[in-house]
Amino acid sequence: MSGNQYFSFARPELGDKMHRFNLNGQYEEAMITAIIGPEDEPDIWKATITTANGFEFVGSDKEYRGRFDWVPHDWNFDELAKTWKPPGVARERLNIPTPDVGEHYMKWRKRVYVACPQLKSMPGGAQIIAQKWAERELVQTDKATA
């Protein structure tokens with residue numbers, strides 16, 4: 001997917017919930033408390049959001065792309081595409097190679113980073129790799145002692 005794809009949302013209603021991640025990495029919620037725009041053009045609007053720390057603003061002329069942008073409550077952030085996505089839009093998929101039988105973790109992890117370099121800078125990338133490693137198929141070996 002190109003890094004330039006973004007999605008817009010329709011004019012919200014009073015009382016709609018919005019959310020984002022703040023600069024401290026915390027999940028933050030707020031509510032639409034005022035909306036202004038021409039009645040005959042519903043695609044043009046500006047709204048005020050009341051937050052725990054004051055007021056912020058959203059509008060139809062913005063690109064809701066970054067983690068720190070306010071978006072409707074049911075949208076999810078796609079780490080691979082680096083954009084917010086509305087419900088029903090598929091997230092990007094990682095093509096993580098499966099560990100080979102007997103392969104050591106560090107060798108496999110190097111192959112993963114070559115196949116999916118975005119994992120290095122992705123928040124939670126290390127956990128994704130660790131989970132994939134934990135889900136690998138283990139081979140039982142019989143060690144006969146003489």
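Helices here are DSSP runs of H or I with at least four residues, strands are runs of E with at least two, and both are numbered from the N terminus. With that rule, K85 has its place in strand β7, residues 83-85.

Before I go on, a word on the source. This is a predicted model, in which local features need pLDDT of at least 70 and side-chain atom pairs count only at pLDDT 80 or more, while totals for chains, interfaces and linings use all residues. Residues are numbered from 1 along each chain as its sequence is written, and side-chain values use heavy atoms, with hydrogens and water left out.

Back to K85. Is this lysine buried or exposed? K85 counts as buried because its relative accessibility is 3%; buried means under 20% relative accessible area, exposed over 50%, and partly exposed in between, with a 1.4 Å probe and protein chains only. The side chain of K85 has a polar contact of 3.1 Å with the side chain of D78. A polar contact is a pair of N or O atoms within 3.5 Å; within protein, one must be able to donate a hydrogen and the other to accept it, and residues adjacent in sequence count only if both atoms are side-chain atoms.

Now the whole chain. The protein chain has seven strands and two helices, in the order β-β-β-β-β-β-β-α-α from the N terminus. Of its 146 residues, 30% are buried.

Next, the cores. A nonpolar core is a set of buried Ala, Val, Leu, Ile, Met, Phe, Trp, Tyr and Cys residues joined through side-chain atoms within 4.5 Å. The largest one has 15 residues, and M18, I32, I49, V58, W70, W75 and W84 are those with the most contacts inside it. Two or more residues of this core come from each of β1 (17-21), β2 (27-36) and β3 (46-51). Another core, of nine residues, lies apart from it and includes I96, W108, V112 and L119. As background, nonpolar side chains tend to be buried together in soluble globular proteins.

If you look at I32 and skip its neighbours within four places in sequence, its contacts (heavy atoms within 4.5 Å) include P12, L14, M18, I49 and V58.

On to the helices. An α-helix has 3.6 residues a turn, so residues three or four places apart point the same way.

Last, the aromatic rings. Rings of Phe, Tyr and Trp (its six-membered ring) pair if their centres lie within 6.5 Å; planes under 30 degrees apart count as stacked, over 60 as edge-to-face and the rest as tilted. That rule gives eight aromatic pairs. F21 and Y27 are an edge-to-face pair, 6.0 Å centre to centre with 70 degrees between the planes. Y105 and W133 are also edge-to-face, at 5.1 Å and 80 degrees. Because Y105 lies in helix α1 and W133 in helix α2, this pair ties together parts that are 28 residues apart in sequence. W133 is buried at 16% relative accessible area, while Y105, at 28% relative accessibility, counts as partly exposed. Finally, F21, Y27, F77 and W84 form one aromatic cluster.
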